[in-house]
Amino acid sequence: MVVVGAGPTGLLLAGDLAAAGIPVTLLERRHPGRSNLSRALVVHASTLEALDSRDIAAPLIERGAPVRSLRLFDTAVVDVSELPTPYPYLLVVPQYETEAVLYERLERLGVRIRYETEVVGLRQDLDGVTVTVREASGTREERAAYVVGTDGSRSAVRSLLGVEFPGHTVVASVMLVDAKLSHPPQTRIATNTDGDKFAFVAPFKDGYHRVICWDQKHAKAETEPVELAEVRDILRETLGSDFGMGEPRWSSRFHSDERQAERYRVGRVFLAGDAAHTHSPAGGQGMNTGLLDAANLSWKLIAVLRGRAGEGLLDSYERERHPVGAAVIKGSGRLLRAAQIKMTPARKARNLAMHFALGRPAVNRRIGFALSGLWITYPAPRGAHALTGHRAGDVALTGTPARLLEALRSGGFVLLAPPELHAVAAAAGVSAAVPADGGPVRLVRPDGYIGWAAEAPSAQEVAAAIAASGA
């Protein structure tokens, strides 16, 4: 296997493959050294569940600051503290810390990143993919059964495949600043907009704050440095204070696009993360969506490479994840457009409507599900049980391990069933556990989604379901 791009998506995917004993080569165009990239700053509940099932959620949580509510548009508050997950909060943590945790996992698994290696050619046949790479020593070729491009919005892999990436720029000049504030906002996360100007302030655990802001009327080129006076002015005009912001330790300016690759799979080559989809920073979905791409794809590649499933299983990656990417782009776009309302009467009406809507528990919960990624479901076959394709959640188990996410750390499927059906699972090499909720029998995929479910099935039905799943 070859994975191109050592950002969060590539790191998680390569780690999953290595943990399953699949030889993997991870190529990265950048030079070695710890990344200071800090564009992403929120890890959502669905992502933390995926990391928990790999036993790496805890070290990331130690590096972050949990935030249980988010104020939108004046007095409208989204409360995520009651969501049905072990992680009912937004974890504010710099992207480089997320990458560090994922990289440490790779090191434990013995995977080394090949830095300063640029992909310049790609051709595939019925048996595999040949990747041409350029390094300091010259150009050479790599051969792999499959290739995954996780190499960002300017993906070389996507370009070499000839896959279109339609869309447009939605914010021309987004500024990011990490700085200390002498008198931080009273709310953990502060955000506001006057239509042209937008500001967002959130705390990191180490005493610094992340500021995201822009001024649509005074957009500058990405090559222009971020000026502290410019950021302070935006903060004062949108949030009423610059909070005593000091000199930043890091700053960046970039443009934000809404784009999605027309295809996520071309033969033996796949796209994931920013190589497959990009959108506005509204809602903090980008890195989270990419990590869940990796979680969806990795177990399918492993099943096919181990001969447990046919090539058709790999088609389900695009079928399941392309609609999710489209929905995330649509949702973040709606939030961005709401933030860009310019007329004062319209902004007041928006603020009032959001305040009353989010005051209703059902609406607040629905928005919380959307932000946290807990809303995601996948298509189920006709006639399947209603739970099929839904997130399993962290089901309490009888015995050890005590939770489903712990049971999933083996990297395989888990059958939630009464003890009399466990022998069927054991014969198929699948883990089994007794759910404390006593619900229907569920075959949970390695990514935490229910692949099959039934009420009181026979042993033969369970065996057939396991055989058809790729477990």
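A strand is a DSSP run of E with at least two residues, numbered from the N terminus. The model described here is predicted.

- V211 has a relative accessible area of 1%, so it is buried, the cut-off being under 20%.
- Leaving out residues up to four places away in sequence, V211 touches M175, L176, V177, F200, V201, V231, L235 and M245.
- One of these residues, F200, is 11 residues away from V211 along the chain, and the two C-alpha atoms are separated by 5.6 Å.

- Helix α1 covers residues 8–19, which makes 12 residues.
- From first C-alpha to last, α1 reaches 16 Å, close to the 16 Å expected at 1.5 Å a residue.
- Most of α1 is covered, with 11 of its 12 residues buried.
- The buried residues of α1 include P8, T9 and G10 at one end of the list, and D16, L17 and A18 at the other.
- After α1 comes G21, which has a positive phi near 85°.
- Helix α10 also has 12 residues, which should span 16 Å at 1.5 Å a residue; its end C-alpha atoms are 16 Å apart, so the two values agree.
- Buried residues in α10 are V363, N364, G368, F369, L371 and S372.
- G373 follows α10, and its phi is positive, near 85°.

**Cavities**

- Rolling a probe the size of a water molecule over the atoms shows where empty space is left.
- In this structure there are 2 cavities of 30 Å³ or more.
- The largest cavity holds about 200 Å³ of space.
- Its lining is made up of 20 residues, and S46, E49, D447, G448 and Y449 lie nearest the centre.
- Two or more residues of that lining come from each of α2 (45–52), α7 (286–305) and α11 (404–407).
- Sorted by class, the lining of the largest cavity has 10 nonpolar, 6 polar and 4 charged residues.
- The second largest cavity has a volume of about 70 Å³.
- It is lined by 14 residues, and those closest to its centre are Q285, T289, L292, G373 and I376.
- G373, in that group, is the residue with positive phi that follows α10.
- Helices α7, α8 (312–339) and α10 (361–372) each give at least two residues to the lining of the second largest cavity.
- The lining of the second largest cavity has 6 nonpolar, 7 polar and 1 charged residues.

- R445 sits in the loop between β24 (441–444) and β25 (450–454).
- The relative accessibility of R445 is 9%, so this charged residue counts as buried.
- The side chain of R445 makes a polar contact of 2.7 Å with the side chain of D447.
- D447 is also among the residues nearest the centre of the largest cavity.
- Apart from neighbours within four places in sequence, R445 is in contact with N296, W299, K300, E320, Y378, L408, F413 and G451.
- L397 belongs to strand β21, residues 397–398.
- L397 counts as buried because its relative accessibility is 8%.
- Beyond residues up to four places away in sequence, L397 touches A402, R403, L404, A407, L416, A433, V434, P435 and A436.
- L397 and D447 are 50 residues apart along the chain, and their C-alpha atoms are separated by 18 Å.

**Backbone angles**

- Most residues other than glycine have a negative phi, and most peptide bonds are trans.
- The peptide bond from T400 to P401 is cis, with omega near 0°.
- P401 lies in the loop between β21 and α11.
- E116 is not a glycine, yet its phi is positive, about 50°.
- The loop that holds E116 runs between β8 (113–114) and β9 (118–124).
- A456, also a residue other than glycine, has a positive phi near 50°.
- A456 is placed in the loop between β25 and α13 (459–469).
- With a relative accessibility of 79%, A456 counts as exposed, because the cut-off for exposed is over 50%.

Conventions
Residues numbered from 1 in each chain as written. Predicted model: local features only at pLDDT ≥ 70, side-chain atom pairs only at ≥ 80, totals over all residues. Heavy atoms only, no water. Helix = DSSP H or I, 4+ residues; strand = E, 2+ residues; numbered from the N terminus. Expected span 1.5 Å × (residues − 1). Buried < 20%, exposed > 50% of the residue type's maximum accessible area, 1.4 Å probe, protein only. 1 Å grid on protein atoms, 1.4 Å probe; cavity = no way out; pocket = protein on both sides within 12 Å on 5 of 7 lines; lining within 4 Å. Points joined across faces, edges and corners; volume = space filled by probe spheres on them. Polar contact = N/O pair within 3.5 Å; in protein donor to acceptor, adjacent residues only side chain to side chain. Contact = heavy atoms within 4.5 Å.
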